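Reader: Hi! Could you walk me through this structure in plain words?
Author: Happy to, let's have a look together.

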Amino acid sequence: MNNYHDGGEAILEAFRNLDVDYVISSPGSEWPSLWEAMARQKRDGTAGPVYMDCGHEILAVTMASAYTHITGRMQAVILHAGAGLMQGSMAVSAARAMETPMVVMSGESLGYGETEFEPGSQWYRNLSIVGGPQRLLEPVVKWAQQVPAPETLYESVVRAGELAQRNPRGPTYLCVSMETMMHEWLKPDALRKAPPSPKFQPIPDEIDKIAALIAHAECPLISVENAGPDRGAFDALVELAELMSIPVVEGQGAFFANFPKSHDLYMGTNINPFLEETDLALLVESRTPWYPPSNTPKNAEIVAIGINPLKSHMVYQVMNADHYLEGDVAATLRLLTEALRRLGIDATKMSERRARWRAKHEEWCEGLRAAADDSVDRDVITVPLLMKTLRDVMPAETSYVDETIVHSGAIRDHAMWDDSLSFFRAPSGLGQGLGYALGVKLAMPERNVVMTIGDGTFMYNPVVPAIAFADEHELPLLIIVANNAKYAAMQHTHDQFYPAGTSITTNDYYGVNIKGPKYEEAASMVGGYGKLVRNPADLEPALREALKSIQAGKTAILNVNMPDKGALR
Ligand SMILES: Cc1ncc(C[n+]2csc(CCOP(=O)(O)OP(=O)(O)O)c2C)c(N)n1
Ligand SMILES: [Mg+2]
């Protein structure tokens with residue numbers, strides 16, 4: 001009916017001016033005005049975002065999230081009413097925890113058929129939310145708002161997008177009534193592009209003070225959690241660590257790859273052996289460097305470096321920092337490196353220090369090598385064997401997305417990466433991995449994307465819509481279900497709390513066992529390769545077939561028997 005410009009055009013124009021690449025939707029009946037605008041955009045050949053539908057809100061949000069982490073570009077997610085918000089809220093909360101800018105929108109009706117406008121009776125019967133849908137997302141977004149009128153719609157969307165990109169970055173939510181979306185909108189003559197969020201960096205005095213601390217420290221240590229996937233930060237961290245021969249420990253809950261693992265200053269993910277000796281701890285984009293929170297390095301000064309070191313979305317966080325350097329991580333690290341160069345480097349001291357850490361790194365590598373060698377003769381498939389085989393089979397340009405639980409620590413250890421785009425893990429809860437992996441593939445279609453996922457976790461994911469989306473948009477994933485036929489994490493905690501309890505003595509567990517269907521057969525929905533892999537000898541050939549499948553554009557699923565109990569970190 002409407003062929004004039006209405007609220008849908010205002011929203012799309014705002015997305016264009018926010019430089020959004022994708023509008024990712026789990027659709028609902030409030031969106032025809034936006035769809036009309038999309039159709040006009042295509043008909044008229046206007047440059048603007050690509051629209052994509054997917055069958056689950058968690059996919060929409062996690063895809064947008066992953067895409068933004070990799071490209072640095074904010075995206076838009078449109079959901080349905082309050083229902084869609086509730087379905088997607090776990091992923092929105094994770095996007096908040098990952099400080100991901102994102103504009104989330106959904107609609108409502110104001111008149112319920114009592115005005116000239118007929119939204120459909122479902123809005124009266126089912127869909128409305130007391131207090132407005134924004135109440136549902138308020139606790140997990142950084143800003144939630146209703147658009148009051150057609151005249152303020154365009155600027156409200158731009159504002160939501162600009163706010164999302166400001167520090168601390170995070171998702172924002174806008175609710176728009178259908179009445180507003182379908183009201184005439186007169187496009188103002190000159191609409192500006194929304195400028196990107198400015199970067200900021202610490203002032204020179206602060207940099208010089210910390211540079212002097214680093215220069216004088218006998219045993220400095222870097223703990224990094226989420227500096228990747230920003231390649232600038234990744235490279236700047238390498239440069240600083242190399243200049244001063246500082247060992248680098250990665251956080252156990254890191255979302256990204258932060259340092260090249262083959263580098264002789266990479267020390268793995270266990271900070272404990274370093275806590276006693278270090279006299280200067282540099283926490284780079286770090287949320288939870290040690291555990292329990294009071295387990296701080298007692299003899300060290302602590303410097304927190306990051307764009308937003310104090311995370312207001314966390315309930316409890318003990319940094320114990322003596323100093324903060326707040327600002328863009330790449331810029332801050334580069335400034336520190338320059339300041340240290342100006343102070344002068346004691347080359348002999350640095351090369352002695354480097355030699356010491358090289359030996360420690362070699363020790364760490366040796367532990368992994370030994371585990372990998374040992375895995376070859378076992379009669380079960382273990383993480384070291386899986387990761388070794390993946391290294392042998394997969395091309396170098398492969399990114400890993402992990403959503404396993406008891407296998408996750410070993411997967412993080414045994415995955416090898418040397419660039420910032422090789423490893424991703426979204427924070428809890430379960431169900432986000434496949435969407436996240438699709439977002440990684442969307443951002444880097446040239447890369448192979450391997451998803452490692454627990455059998456229980458696979459069931460928590462929207463498997464059918466994920467595989468369908470992968471097929472429709474030619475974003476094939478290689479999915480490896482680490483199948484121990486249980487929620488092993490639950491068993492671990494049960495045994496820990498009740499080591500002589502009835503469950504353990506009678507082998508009668510609750511919340512643990514999974515019968516499990518033939519997960520691998522899900523690949524056949526799209527003509528992809530699926531295989532149950534029981535024995536170590538079958539793993540490599542199956543992986544090679546799976547690689548062929550994704551190279552032909554077809555998602556592959558290996559259902560891999562991995563009975564070992566793993567560990568909880
Ligand atoms: C949405 C959500 N529901 C429930 C949980 C609790 N939970 C944490 S780990 C886990 C078990 C996952 O099972 P699986 O993927 O098989 O991994 P395993 O424990 O066997 O290593 C569950 C249910 C969660 N983290 N998120
Ligand atoms: Mg399991």
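Author: First a term: two strands pair if DSSP finds at least two bridges between them. Helices (H or I, at least four residues) and strands (E, at least two) are DSSP runs, numbered from the N terminus. This is a predicted model, where local features need pLDDT of at least 70, side-chain atom pairs count only at pLDDT 80 or more, and totals for chains, interfaces and linings use all residues. Residues are numbered from 1 along each chain as its sequence is written, while chains are lettered from A and ligands numbered from 1 in the order in which they are written.

Reader: Okay! How many bridges join strand E4 to strand E6?
Author: Seven, and the two strands, residues 102-108 and residues 171-177, run parallel. In that pair, Ser106 stands opposite Cys175 of E6.

Reader: What order do the strands have in that open sheet?
Author: The six strands are ordered E2-E1-E3-E4-E6-E5, with parallel pairing. At the edges sit strand E2 (50-53) and strand E5 (143-146), each of which pairs on one side only. On average, neighbouring strands are turned by 20° against each other, direction ignored.

Reader: Which strands does helix H3 touch?
Author: Helix H3 (residues 57-71) packs on the sheet and touches strand E1 (22-25), strand E3 (75-78) and E4. The direction of H3 makes about 180° with that of E3. Axes here are lines fitted to C-alpha atoms, for helices over the stretch in contact, and angles run from 0 to 180 degrees between N-to-C directions. Contact means that the C-beta atoms of two residues, placed from the backbone, lie within 7 Å.

Reader: New topic! At what angle do helix H1 and helix H2 cross?
Author: Roughly 65°, and the axes of H1 (residues 7-17) and H2 (residues 32-44) come within 7 Å. Residues in this contact include Gly7 and Leu12 of H1, and Ser33 and Gln41 of H2. By type, the contact has five nonpolar, four polar and two charged residues. Ala, Val, Leu, Ile, Met, Phe, Trp, Tyr, Cys and Pro count as nonpolar, Asp, Glu, Lys and Arg as charged, and the others, Gly among them, as polar.

Reader: Last one: is Asp19 buried, exposed or partly exposed?
Author: Asp19 is partly exposed, because 15 other C-beta atoms lie within 10 Å. The cut-offs are 20 or more such atoms within 10 Å for buried, 12 or fewer for exposed, and in between for partly exposed, with C-beta atoms placed from the backbone. Asp19 lies in the loop between H1 and E1, and its phi is near 65°, a positive value in a residue other than glycine.
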